[in-house]
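Please read it with the sequence and the structure open beside you.

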Amino acid sequence: MDVETTNPSMWLSFPHVVVGTLSSFLFGYHLGVVNEPLESISLDLGFSGNTLAEGLVVSTCLGGALIGSLFSGWIADGVGRRRAFQLCALPMIIGASTSATTKTLAGMLIGRFLVGTGMGIGPSAVALYVTEVSPASVRGTYGSFIQIATCLGLMVALFIGIPVKEIAGWWRICFWVSTIPAGFLAVAMMFCAESPHWLYKQGRIAEAEAEFERLLGGSHVKYAMVELAKLDRGDDADTVKLSELFYGRHFRVVYIGSTLFALQQLSGINAVFYFSSSVFKSAGVPSDVANAFIGVANLSGSIIAMLLMDKLGRKMLLLWSFFGMAISMLVQVAAANTFVSGSASLYLSVGGMLMFVLTFALGAGPVPSLLLPEIFPSRIRAKAMAICMSVHWVINFFVGLLFLRLLEQLGPQLLYSMFASVCMMAVVFVKKNVIETKGKSLQEIEVALLPQE
């Protein structure tokens, strides 16, 4: 058996990965789409000044996302990764159209909820797909596409929202625009490769070989199929029970995955994204400039991560990223300190926040959604991913709900110190529990992690 020594060409799988990451672009877009237009939506639909209703427009989306992510594993395993993308695009198209045409708050919330279910299915589907169709040598680079696409989606949403104050009813256009990439995703997926791992699990061996040929090139098919066969010792026939994920031999990887996502959310990143405008406003920076700054910090961090992911490895990026985030939070604690003079405190709080976003995008942002499908064995991959994403959404929801209240009750110094200590806990957790996966095939990783029976 001659092992192929050269790495497969990355360009064969490139178009498939790009189409898949459209779902991440949509995800980012819908996260940011109500940011600017919220005021004019509330005026047009007659709930202006009602903060609860405004909060609901933002968070109904997260509720839908939790439900979507709970079912995402069963969808991806049941109908395949490609169909999962189409099922993610469909509610996004219907929901965005509902929001764009509605005359009432209820219609808006229904639309946001539908979009949310699509947003819940998307991240799991794209993480699985990118992990399973890309060659090991560039898996990290492709994994960072997910983060970059999400950033671009956020930035495009903020950019399209700019004329919302001048043009009446512009917010309807903001929703309509999102149906274009969603429609494209649904159609283009018909022409993309299905995940060979999924086909193999379904017993469709010949099709899996054909897809490997499309993705890796003819000379690599044999080796890839041998690698797949190593793992498949006939344990795929039985379905995965939920109990297996919570105790039993897979508990450890599910625990590592959920904890990584929990730490990622509790580090305060979404608080920064949701409420950056108000922090900048108090520093006298107009919100559109602030959003642009944050977008640029996020994007540049993600691009650096893409270049380093397969060189330095995932663990290094995670460690330094969480460490940098802790330092940035402490800078913001210093800014909130009464001993620091006015202008210095402004520079510190704005600088600390931008540094926080930059260091987040270097590792804590892109790594978990790439690392988890790598460390999950193939038979539990989709379902375990669904559980970890659900943890992510639950925490995300509560952070969004409670952040402003906590800020009032505890004051910025205590709250930011709490965020900083979460980041330091994350450093310790990663050091002890995470293994390095760069350049290894999914099969090698699985063998390294599973306790041998």
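Which residues in α17 meet which residues in α18? The first point takes this up, with the caution that the model is predicted.

1. On the α17 side the residues are Phe360, Ala361, Leu362, Gly363 and Ala364, and in α18 they meet Pro366, Val367 and Pro368. Helix α17 covers residues 342–364 and helix α18 covers residues 366–375, and their axes come within 5 Å and cross at roughly 10°. Because angles under 35 degrees count as roughly parallel, α17 is roughly parallel to α18. By class, this contact has 7 nonpolar residues, 1 polar residue and no charged residues.

2. Helix α7 (residues 170–177) and helix α8 (residues 179–188) pack at an angle of about 10°, and their axes are 5 Å apart. That angle makes α7 roughly parallel to α8. Phe175, Trp176 and Val177 of α7 meet Thr179, Ile180 and Pro181 of α8, and the residues of this contact divide into 5 nonpolar, 1 polar and no charged.

3. For helix α16 (residues 314–336) and helix α19 (residues 381–433), the axes come within 8 Å and cross at roughly 165°. Since angles over 145 degrees count as roughly antiparallel, α16 is roughly antiparallel to α19, and the crossing of the two helices is left-handed. From α16 the contact includes Leu318, Leu319, Phe322, Phe323, Met325 and Met329, while the residues contributed by α19 include Tyr416, Phe419, Cys423, Met424, Val427 and Val430. Lys315 of α16 and Lys431 of α19 are also among the residues that make the contact. Taken by class, the residues of the contact of α16 with α19 divide into 19 nonpolar, 3 polar and 2 charged.

4. The second largest pocket deserves a separate look, and I would ask which residues lie nearest its centre. They are Pro135, Ala136, Leu216, Tyr223 and Ser441, out of 27 residues that line this pocket, whose volume is about 440 Å³.

5. As to where that lining comes from, at least two residues are supplied by each of α5 (105–133), α10 (205–216), α11 (221–231) and α20 (442–449). The largest share, 4 residues, comes from α11. How many residues of the lining are nonpolar, polar and charged? The lining of the second largest pocket divides into 11 nonpolar, 11 polar and 5 charged residues.

Definitions and conventions. Residues are numbered from 1 along each chain as its sequence is written. This is a predicted model: local features need pLDDT of at least 70, side-chain atom pairs count only at pLDDT 80 or more; totals for chains, interfaces and linings use all residues. Side-chain values use heavy atoms; hydrogens and water are left out. Axes are lines fitted to C-alpha atoms, for helices over the stretch in contact, and angles run from 0 to 180 degrees between N-to-C directions. Angles under 35 degrees count as roughly parallel, over 145 as roughly antiparallel, 65 to 115 as roughly perpendicular and the rest as oblique. A crossing is left-handed if the near helix is turned anticlockwise from the far one by less than a right angle, and right-handed if clockwise. Contact means heavy atoms within 4.5 Å. Ala, Val, Leu, Ile, Met, Phe, Trp, Tyr, Cys and Pro count as nonpolar, Asp, Glu, Lys and Arg as charged, and the others, Gly among them, as polar. On a 1 Å grid over the protein atoms alone, a cavity is a set of points where a 1.4 Å probe fits but cannot get out, and a pocket is an open set with protein on both sides within 12 Å along at least five of seven lines; lining residues have an atom within 4 Å of a point. Grid points are joined across faces, edges and corners, and a volume is the space filled by probe spheres set on the points.
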